[in-house]
Amino acid sequence: MSLHLNKSYLLLLSTCVAAIAVFLNYPPPPLSDTLKKWKQSGKMFNFQNNNIFYHDYGNENNEDVLVCIHGFPTSSFDFIKILPDLQNIFGRVIVADMLGFGFSDKPKVHNYTVFEQADIITYLLKSLSINKVNILAHDLGDTIAQEILARFEDGEKDRILLQSVTLLNGGILPETNFPKIIQKVCLFYFKITFLYSLGIILPNLPKSHNHNPT
């Protein structure tokens, strides 16, 4: 049984590595006109020597602020079609690309964590003199939003005051999440692709151990 699982694991891994090799050597398509305008109209701020891309829409003096946190493996561009409606509801809307995504920097040798992404969002808001916000988050952004929410609930000194939190299409309670096999395979593929795109080498495969039956 163990040998069969190891062979299946190696077959899956070999398939993923081959797909990744094709993906990484395939030239990226040119930016569309919409993406070019999106990039040109955005701004950058520096967080620990990394540039983070963001947009800040609306009146700077408006206290009704919404920050949008995108998911994996996309970017703040996800929100472009609903930005006009969000601006009609909130006086100010801020969207940012997380580190490693979109037009933000993608350091190759880096320990990417949810905690750091929450630090980045918090730092951006503080640098814009924003102390209270509404959050709209999607997918991986839900986890980051929950970290910011936890800091708010714990009463941390530099916390951001939260007026509302809306979570879209993401896992909140891990014990209730039962992904299908195809979902696990896709998640594994995306994780490995992401690590390879950042130049991170795969860890060694687990060694098989033969156990004598008792």
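This is a predicted model: local features need pLDDT of at least 70, side-chain atom pairs count only at pLDDT 80 or more; totals for chains, interfaces and linings use all residues.
Me: A patch joins residues with over 30% relative accessible area and no salt bridge, like charges within 9 Å and nonpolar side chains (Val, Leu, Ile, Met, Phe, Trp, Tyr) within 5 Å. Which residues gather in a patch of negative charge on the surface?
Reply: Glu153, Asp154, Glu156 and Asp158 gather there. Asp and Glu count as negative, Lys and Arg as positive, and His and the chain ends aren't counted. Each charge is placed at NZ of Lys, CZ of Arg, CG of Asp or CD of Glu. Accessible areas come from the Shrake-Rupley method with a 1.4 Å probe, and for residues only the protein chains shown count as cover.

Me: How many helices and strands does the chain have?
Reply: The protein chain has 6 helices and 6 strands. They're DSSP runs numbered from the N terminus: helices are H or I with at least four residues, strands are E with at least two. Starting at the N terminus, the order goes α-α-β-β-β-α-β-α-β-α-β-α. Of its 214 residues, 31% count as buried.

Me: How many salt bridges turn up?
Reply: A search of the whole structure finds 4. To count, a side-chain nitrogen of Lys or Arg has to be within 4 Å of a carboxyl oxygen of Asp or Glu. One of them joins Arg92 and Asp56, at 2.6 Å from N to O. That pair links distant parts of the chain, as Arg92 is in strand S4 and Asp56 is in strand S2, 36 residues apart.

Me: Are Arg92 and Asp56 buried or exposed?
Reply: Arg92 counts as buried because its relative accessibility is 3%. Asp56 counts as buried too, at 18%.

Me: What about Asp119, which side chain does it meet?
Reply: Asp119 meets Arg151 in a salt bridge of 2.7 Å, N to O. This is another link between distant parts of the chain: Asp119 is in helix H4, Arg151 is in helix H5, and they're 32 residues apart. Asp119 is partly exposed at 32%, whereas Arg151 is buried at 13%.

Me: Which other residue forms a salt bridge with Arg151?
Reply: Glu147 does, and the closest N and O atoms are 2.8 Å apart. Glu147 and Arg151 are 4 residues apart in helix H5, so about one helical turn separates them. Glu147 is buried, with a relative accessible area of 18%. Put together, Asp119, Glu147 and Arg151 form a network of salt bridges.

Me: New topic. What's going on with Asp97?
Reply: Asp97 is buried yet has no salt bridge, and the nearest side chain of opposite charge, Lys106, is 6.8 Å away. You'll find Asp97 in the loop between strand S4 (92–96) and helix H4 (114–127).

Me: Which side chain does the Asp97 side chain make a polar contact with?
Reply: That would be the side chain of Ser76, at 2.5 Å. A polar contact is a pair of N or O atoms within 3.5 Å; within protein, one must be able to donate a hydrogen and the other to accept it, and residues adjacent in sequence count only if both atoms are side-chain atoms. The Asp97 side chain also reaches the backbone nitrogen of Phe103 at 2.7 Å.

Me: Now the backbone. Which peptide bond is cis?
Reply: The bond from Phe72 to Pro73 is cis, with omega near 0°. Pro73 belongs to the loop between S3 and helix H3 (83–89).

Me: And what's phi for Ser129?
Reply: Phi of Ser129 is near 60°, a positive value in a residue other than glycine. Ser129 is in the loop between H4 and strand S5 (132–138), and counts as exposed at 61%. Asp139 isn't a glycine either, and has a positive phi of about 60°. Asp139 is in the loop between S5 and H5.

Definitions and conventions:
Residues are numbered from 1 along each chain as its sequence is written. Side-chain values use heavy atoms; hydrogens and water are left out. Buried means under 20% relative accessible area, exposed over 50%, partly exposed in between (1.4 Å probe, protein chains only).
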